[in-house]
Amino acid sequence: MITIRRSDDRGYTNLGWLDSQHTFSFGDYFDPDHQGFRALRVINEDRVRQGAGFGIHGHRDMEIVSYVLSGSLAHEDSLGNRSILAAGDVQRMTAGSGVRHSESNPSLVEPAHFIQIWILPEREGLEPSYAEAHVSDADKRGRLLALASRRPQNGALEIHQDVDLYATILDSGTSVRHEMHPGRHAWVQVVRGELTINEQKLAGGDGAAVSRESALVLAAKTEAELLLFDLA
């Protein structure tokens with residue numbers, strides 16, 4: 001079963017310096033029918049104006065993942081981490097027992113465009129931690145590249161939940177297949193382009209909840225980029 005969440009149906013927040021589209025309920029946007037999927041609680045597509053950003057604020061008991069689409073994202077936290085991520089890079093912050101951080105656009109020229117993801121951790125009170133991975137388009141092209149996993153391999157980031165997060169870039173006319181093990185679910189979030197998921201059409205900003213499917217065939221109609229979450 002595949003249930004599609006269209007881009008235009010997402011919630012929307014405009015703060016002047018921030019344009020944000022919410023796949024699930026977030027902040028002042030509340031939709032009782034879209035409050036998350038399995039362990040997924042937030043998928044926000046954020047655009048941050050040049051030189052602006054989220055000031056220092058706190059989180060607890062959440063796995064927070066950011067995937068940069070264009071521009072750059074500067075991170076600073078109470079653990080002493082400071083970094084600037086570029087397009088294609090991914091970061092994971094385990095808020096755990098409590099952490100404070102800021103995320104901002106360090107450029108005075110180019111907006112920052114990224115996807116912010118919140119995942120419920122497997123338990124509360126984890127030790128806060130931070131990790132990042134620098135990923136090129138070539139790494140993702142034509143295959144599902146693991147970005148984060150509870151059982152990380154080959155450079156994937158460790159995430160404290162039974163979730164495997166993949167990214168891919170597909171050239172027009174190409175496809176990838178993802179096998180679904182019994183009892184597993186998936187969420188597909190399209191970053192850009194047009195594709196089909198088991199012959200159902202998706203476009204940039206669309207998402208799809210997947211249950212009771214034996215496999216997913218993702219076939220690009222144009223060059224396309226997407227994230228795939230394999231969830232318990």
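Tutor: Let's settle the terms. On a 1 Å grid over the protein atoms alone, a pocket is an open set of points with protein on both sides within 12 Å along at least five of seven lines, a cavity is a set where a 1.4 Å probe fits but cannot get out, and lining residues have an atom within 4 Å of a point. Points are joined across faces, edges and corners, and a volume is the space filled by probe spheres set on them. This is a predicted model, where local features need pLDDT of at least 70 and side-chain atom pairs pLDDT 80 or more, while totals for chains, interfaces and linings use all residues. Residues are numbered from 1 along each chain as its sequence is written, and side-chain values use heavy atoms, without hydrogens and water.

Now the largest pocket: its volume is about 290 Å³. Its lining has 22 residues, with F26, N44, D46, F54 and Q116 nearest the centre. By class that's eight nonpolar, eleven polar and three charged, where Ala, Val, Leu, Ile, Met, Phe, Trp, Tyr, Cys and Pro count as nonpolar, Asp, Glu, Lys and Arg as charged, and the others, Gly among them, as polar. Strands (DSSP E runs of at least two residues, numbered from the N terminus) that each give at least two lining residues include β3 (18-22), β5 (53-59) and β11 (112-119).

N44 also turns up in the lining of the largest cavity, along with R10, T23 and others. That cavity holds about 40 Å³, and β4 (40-48) and β17 (185-192) each supply at least two of its lining residues.

Key:
Helix = DSSP H or I, 4+ residues; strand = E, 2+ residues; numbered from the N terminus.
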